[in-house]
Each structure stands twice: as C-alpha cells, then as structure tokens.
Amino acid sequence: LRPGGGDYVICPGCNAPFERVLQTGVMPQQSLTGEKMSPEALEHQANNRFRCRECDKIFCASCKEIPYHAGFTCEGYTVYKHSRRCRFCETELTPQNTCVTPLPGASTIPRAIRDVCTAESCQERRATSCTKMLACGHACCGVKDEAQCPPCLLCLQPDNTCVGDEYCTLCYIESCKAAPCVSLGCGHVFHYHCLRHQVTSSYPGPAITFGYLNCPLCKSLISHPALEDVLREPLQLYE
C-alpha cells in the first residue's frame, strides 16, 4: 500500500486507507466563493475530491486539504488562502472593493472588521459584529457589545474541524463564520440574524405555540443578551 499514491488514498483526517475510486455521481458545481466552477476546477474535483468512509471528512487527495477546496486547483487555492478576503463573503479584497469607512462615531476601523468588502450585506454584518480580537489572534465572530466573547469559531478543534466552517443549522446556506454568531446558553452556535428571524417570525399558524423560542438543536429555551429585545414580549406570554 502506497499512501496517497497508486490506487489508494490516505485520509489526512484519520489516516484510514481506501481504494481510489473516481466518483461518478452528482458533485458540487459551485466554488467556495459561490461562482460556477471552471472546466479545470471540475476536472480537478473529479480526480481529487474524496469522502473518507471512516471519519466522513471530505478532502483533497492531492494536497490533503480538509475540507476539499471546491472551485480551485491546489495551486490556485494556495494563492486564494493567502490573499486578503472579506471576512464574511470571502470575496478577494482590492483597493476598489474594500470598505475604508469607520463605523458611526468612530475615527478608525478596528482590526477585527478591517477586512470587509463594500457589499451591502457585508456592511450590515459589519455593523452588528464584535470588534474585538481574541487571545488566539482571530477576530471574534460574536456580536457587538457582548460582555464576554464566545469561544473562537476559527481555531481548529482536536478533530481537525473548525466550527466556523460548519453551516448554520438554521439557514443551512452559509457557514457560521459568514455572519456574526451567538453562542446560546446551551452552547449551540447560530447566526445572530437567523435567530432574530426565528424569534420575530413567531408561531406559524393561528394556534399559539412556543417552539420558536427553543434552540433548534436541543430544544432548550433560547437565551442570550443580544436577543433580549425580541425575546422579552414572547417570553412574558410564555410564562
């Protein structure tokens, strides 16, 4: 058995070896940036994107990157990783699309929100983001004015995963790091704007129910200081 070569590949996450069988089913057609993949990127994906049968991680058999860098060759992804990108939408930043306007009432732009593009949605997220840098060196992914920052969402966990890379399980559209997040009292993390939408949407029908006040994962009651303004009235009704 030759690790990473010949007819076998080695999972970089758990070191499990398995036979190299090219995938023939439907594979992602969009890149990490949401754009349609080029023919070169699609060919690279067909030859190098694998899911480990043991740990379920999706990786690149060539450069061992976890997760697989959809839309990029290994060389292209190296360049992409080291370029300045918007912290929310990951668009490559240029002098033309980088926001250089301080927040209202401020004279400078804090380092934590310096890498943000001028897109309207990213500007809205910048306005609600925490502006602190954590001890680990990463920007806080929480919301502004929190008394205590949540644990870093960008640091690698012991299992080589990153919470920030996981989809918000409320919208299932964007990763957690793509928008300011809150860590609820139960410990589960969601986009701040997704939780506000769930609470303000209230109960779905004519009958009064309170499922919208529960954590989508563990069903415990939602609790967070940043949501107090939208939780106050429904909680009074609940009690």
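The legends below describe close-up views of a predicted model.

**View 1. The largest cavity and its lining.** A search of the whole structure finds one cavity of 30 Å³ or more, and about 40 Å³ of space lies within the largest cavity. Its lining is made up of Cys141, Pro150, Leu153, Cys181, Val182, Ser183 and Val189. Strand E5, which spans residues 181–183, supplies the largest share of that lining, namely three residues. Sorted by class, the lining holds six nonpolar residues and one polar residue, while no charged residue takes part.

**View 2. Valine 182 and its contacts.** Valine 182, one of the residues that line the largest cavity, is shown here with its partners from beyond four places in sequence. With such neighbours left aside, valine 182 is in contact with Val143, His188, Val189, Phe190, Tyr192, Leu195, His224 and Ala226. Among these partners, Val189 also belongs to the lining of the largest cavity.

**View 3. The largest nonpolar core.** The largest nonpolar core comprises 18 residues, of which Val182, Leu184, Leu195, Ile222, Leu227 and Leu231 touch the most other members. Two or more residues of this core are given by each of helix H4 (192–201) and helix H5 (228–238), and the largest share, four residues, comes from H4. As a general background to this view, nonpolar side chains in soluble globular proteins tend to be buried together.

**View 4. Aspartate 165 in its loop.** Aspartate 165 is located in the loop that runs between helix H3 (120–128) and strand E5. Once neighbours within four places in sequence are left aside, the residues in contact with aspartate 165 are Ser175 and Lys177.

**View 5. Aromatic pairs.** The search of the whole structure finds eight aromatic pairs. One of them joins phenylalanine 72 and tyrosine 77 in a tilted arrangement, with 6.0 Å from centre to centre and 55° between the planes. Phenylalanine 72 counts as buried because its relative accessibility is 15%, under the 20% limit, and tyrosine 77 likewise counts as buried, at 13% relative accessibility. Elsewhere in the model, ring pairs link Phe18, Phe50 and Phe59 into a cluster.

How values were computed:
Residues are numbered from 1 along each chain as its sequence is written. This is a predicted model: local features need pLDDT of at least 70, side-chain atom pairs count only at pLDDT 80 or more; totals for chains, interfaces and linings use all residues. Side-chain values use heavy atoms; hydrogens and water are left out. On a 1 Å grid over the protein atoms alone, a cavity is a set of points where a 1.4 Å probe fits but cannot get out, and a pocket is an open set with protein on both sides within 12 Å along at least five of seven lines; lining residues have an atom within 4 Å of a point. Grid points are joined across faces, edges and corners, and a volume is the space filled by probe spheres set on the points. Ala, Val, Leu, Ile, Met, Phe, Trp, Tyr, Cys and Pro count as nonpolar, Asp, Glu, Lys and Arg as charged, and the others, Gly among them, as polar. Contact means heavy atoms within 4.5 Å. A nonpolar core is a set of buried Ala, Val, Leu, Ile, Met, Phe, Trp, Tyr and Cys residues joined through side-chain atoms within 4.5 Å. Buried means under 20% relative accessible area, exposed over 50%, partly exposed in between (1.4 Å probe, protein chains only). Rings of Phe, Tyr and Trp (its six-membered ring) pair if their centres lie within 6.5 Å; planes under 30 degrees apart count as stacked, over 60 as edge-to-face and the rest as tilted.
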